[in-house]
Amino acid sequence: MGIINYYNISHAEVLVFDDFLIKQVKEGVKIDLEETKELKLILKEHFKNKKMAYISNRVTSYSVNPLVYKEVEKMSNLVAIAIIPKDETMRQSAEFERQFFNKPFEIFENLSDAIQWVQKIILNENKEAIV
């Protein structure tokens, strides 16, 4: 792993790694299309022309407008989303959100499993791009 970049943006903390990012949304935030604009700037800076994955480490309570996923899905270099819910209510929300995203989308019990999964997806995507 290379350098890790850290951002404390208006609605979340974001850790950017070589092939993925981990986002932890702040307590009580409502994620809507406006919040995706800030994230897109980070993605452009770090993942331009590069496959990447998004990990949502849900350690706080917040809400997501599921239509955000249709906008995020348009990012051609975003190949997968992993969610780590803190509790059963968050897991049910993630299950509902999954319906709005037509790329790999998985829910995990812990961050380690999520990282392993996204790295596998990215590796496969990069292999397909070479062939």
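Predicted model: local features only at pLDDT ≥ 70, side-chain atom pairs only at ≥ 80, totals over all residues.
## A buried tyrosine

Residues are numbered from 1 along each chain as its sequence is written, and side-chain values use heavy atoms, with hydrogens and water left out.

## Aromatic rings

The structure holds six aromatic pairs (rings of Phe, Tyr and Trp, the last by its six-membered ring, pair if their centres lie within 6.5 Å; planes under 30 degrees apart count as stacked, over 60 as edge-to-face and the rest as tilted). One of them joins tyrosine 69 and phenylalanine 101 edge-to-face, at 6.1 Å centre to centre and 65° between the planes. These partners sit 32 residues apart: tyrosine 69 in helix H2, phenylalanine 101 in the loop between helix H3 (88-98) and E8 (helices, H or I, of at least four residues and strands, E, of at least two are DSSP runs numbered from the N terminus).

Tyrosine 69 also pairs with phenylalanine 105: the ring centres are 5.7 Å apart and the planes lie at 65°, so this pair is edge-to-face. Because tyrosine 69 lies in helix H2 and phenylalanine 105 in strand E8, the pair ties together parts 36 residues apart in sequence. Tyr69, Phe101 and Phe105 form one aromatic cluster.

## Nonpolar cores

Among the 28 residues of the largest nonpolar core, Leu21, Leu78 and Ile81 touch the most other members (a nonpolar core is a set of buried Ala, Val, Leu, Ile, Met, Phe, Trp, Tyr and Cys residues joined through side-chain atoms within 4.5 Å). Helix H1 makes the biggest contribution to this core, four residues. A second, separate core has 16 residues, including Ile22, Val79, Ile84 and Phe108.

## A buried lysine

Lysine 23 belongs to strand E3 (residues 20-25). Though buried, lysine 23 has no salt bridge, and the nearest side chain of opposite charge, glutamate 38, is 7.5 Å away (a salt bridge is a side-chain nitrogen of Lys or Arg within 4 Å of a carboxyl oxygen of Asp or Glu; Lys and Arg count as positive and Asp and Glu as negative, while His and the chain ends are not counted).

Key. Buried < 20%, exposed > 50% of the residue type's maximum accessible area, 1.4 Å probe, protein only.
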